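Hi everyone, and thanks for coming. Today I'd like to walk you through one protein chain, piece by piece, so please have a look at it with me.

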Amino acid sequence: MKKRILIFLLCTASLVSAQSLPRFEAESGTNQFLVLLQDSAASGRQFLRMKDSGSVTWKVPAEKSGWFNLIVRFRAFGGEKEQLIIKNGRTIPTGFPISDQWTTLKRAVSLDKGENTISISKSWGYMDIDYLETEPVNLKPELVPIRNHVLSTQPRDLHFKWNAYGKKLNSVLLDGKKSELKTTVYPHQEDAYQSILEKEKLANLKSGSHTLQMIFDSADTLKSVFTVSQKPVTSPLVIVSPDVEHGSSVIIRLPTGKIMMVDTGKDWVRDQILIPFLQREKITKIDYLLITHYHDDHDSGDRGEKIRNLFQVDQFIDYSTYKTGTVLPFEGTSLKILNCSEDGTEENTKSLSFKLTYNGFSYTHGADTYGLNQQLMLDRFPDDTRTDVFMANHHFHGSVNVDYLRKLDPVLVLIQAQEAIYARSAFMLWFREETESWWRKSKSRYLESLPALEVGTTVIKVRTGQDWTYETHQSNENLELLK
Ligand SMILES: [Ca+2]
């Protein structure tokens, strides 16, 4: 008898543990202009097909308020699709990766206690929707940047962007003492904030390392460590990645003092951000102008012409100048070409990708290469993929190769992009989930990625591969970066 009870209890326990998540069939939602179709592989044998218009809406109850994964079972034919998840009136553009088989996508959102209204509405369309499930999720708060550097003769406010994920911030400590941050809402993500540690609070800090801590009611603690120095430290290699919104431009001072500019951003970025920056830096000569490819968010729409007219450009380099695999001594560094025009069939896949190596430090510039180019790089240079800093394909459009990204094993990833990246599966799924989480789990040396829309301009100052710092500047004004 006892045995029977035990077996009964075990069966009950396994039933409980296998309990399925609350599921909302597409065919049971409120359907506007979507076509109801049959498929034996679909849950409930039915699904909704979204074409040029329409939406499906569910009433989703939650027992308590908090964060939940929305799990959508879908098929997206022919390419990645971006649709709008609308949750209690908040629109969350969401990228669904290409898949001709039923597959699921998770997106974390906060739900209110009681009834929530969730829709998937057409942005791109041409997607099949089988069901929506909800799963409670406990996300840890996140913070960028977790490293920074301040020169006390040029004090500046330190800016942070953080995600609370439903946790309540309890206290802020600077070197263990109670401090305060000026905080505003970060508009592009839910329950996310931007905070400022004002420069007055840094005024009396000694040279060396300092720690800002944010402690939450949940006992989660976020930490950012920044170094303060009284005098500028000479850095033979300086890499400046300005906040250029959509597009790309990087300015590098090479160890010989020569200036390299990689791409010139959109025309308004060139005129309103880059040219004023170069003028403030009293740069009249650009020794090397590299244009990675001829899209207007990289070449300002004039193939770098205005920059060539305003500045003395000594050498112009584009994707047809050097062949892939070329290694050149380059003003005290070594420049290796990773991708050139021969490797692609259109501007992005042809784009000039390179690796710059100096004194044990390496910087890899991805340009707008896609997954297929990254696979080629992995095949051609299997032992030379690792890099300290990776300038990612700036808007994470198209495809990325997760094996390649993982093998980069960077300390830092730079991303020049707008909020559109939050809707891209190349960023949210293949980079954030499949790559960044993998680096963290594998205890690699990865520190963080710095999207310019979250942190502003990033400046990297390199002495050796073991001795380099980076700093973020929310504003491009009054900077003297290249001295
Ligand atoms: Ca279904």
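Predicted model: local features only at pLDDT ≥ 70, side-chain atom pairs only at ≥ 80, totals over all residues.

Let's begin with the domains. The chain is divided into domain 1, covering 20–136, domain 2, covering 142–229, and domain 3, covering 237–473. Between the C-alpha centres of domain 1 and domain 2 there are 37 Å. How many residues of domain 1 are in contact with domain 2? Five residues of domain 1 are, and they meet four residues of domain 2. On the domain 1 side, β6 (66–76) and β9 (99–111) each give at least two of the touching residues. Sorted by class, that side has two nonpolar residues, two polar ones and one charged one.

Now, some strands. Please find β19, residues 208–216. Strand β15, residues 169–174, pairs with β19 in the antiparallel sense, over five bridges. For one example, Leu 173 has Gln 213 in β19 as its bridge partner. β19 also pairs with β20, residues 221–229, again antiparallel, and here there are eight bridges. In that pairing, Leu 212 stands opposite Ser 224 of β20. β19 and β20 form a hairpin with four residues between the strands, and in this hairpin Ala 219 has a positive phi near 80°.

That brings me to backbone angles. As a rule, most residues other than glycine have a negative phi, and most peptide bonds are trans.

You'll find Asn 359 in the loop between β28 (353–358) and β29 (361–365). Is Asn 359 exposed or only partly exposed? Asn 359 counts as partly exposed, because it has 17 C-beta neighbours inside 10 Å.

Lys 443 is another non-glycine residue with a positive phi, about 50°. The loop that holds Lys 443 runs between α8 (425–441) and β32 (448–451). Lys 443 has 7 C-beta neighbours inside 10 Å, so it counts as exposed.

And the peptide bonds? Val 144 and Pro 145 are joined by a cis bond, with omega at about -15°. Pro 145 sits in the loop between β12 (142–144) and β13 (147–151).

While we're visiting loops, let's stop at Asp 52, between β4 (46–50) and β5 (55–62). Asp 52 counts as exposed because it has 9 C-beta neighbours inside 10 Å. From Asp 52 to Leu 37 it is 15 residues in sequence and 16 Å in space, C-alpha to C-alpha.

Last stop: helix α6, residues 371–380. Which residues of α6 are buried? They are Asn 373, Gln 374 and Met 377. These three cover an arc of only 100° around the axis, so they lie on the same side of α6. Here's a handy bit of background: an α-helix has 3.6 residues a turn, so residues three or four places apart point the same way. And what do the buried residues of α6 pack against? Their partners are β27 (333–339), α5 (347–350) and α7 (402–408).

That's my tour, and I'm happy to take your questions.

Methods:
Residues numbered from 1 in each chain as written. Buried ≥ 20, exposed ≤ 12 C-beta atoms within 10 Å, placed from the backbone. Arc of directions from axis to C-beta. Contact = placed C-beta atoms within 7 Å. Domains from an automatic or database assignment. Nonpolar A, V, L, I, M, F, W, Y, C, P; charged D, E, K, R; others polar. Pairing = 2+ DSSP bridges.
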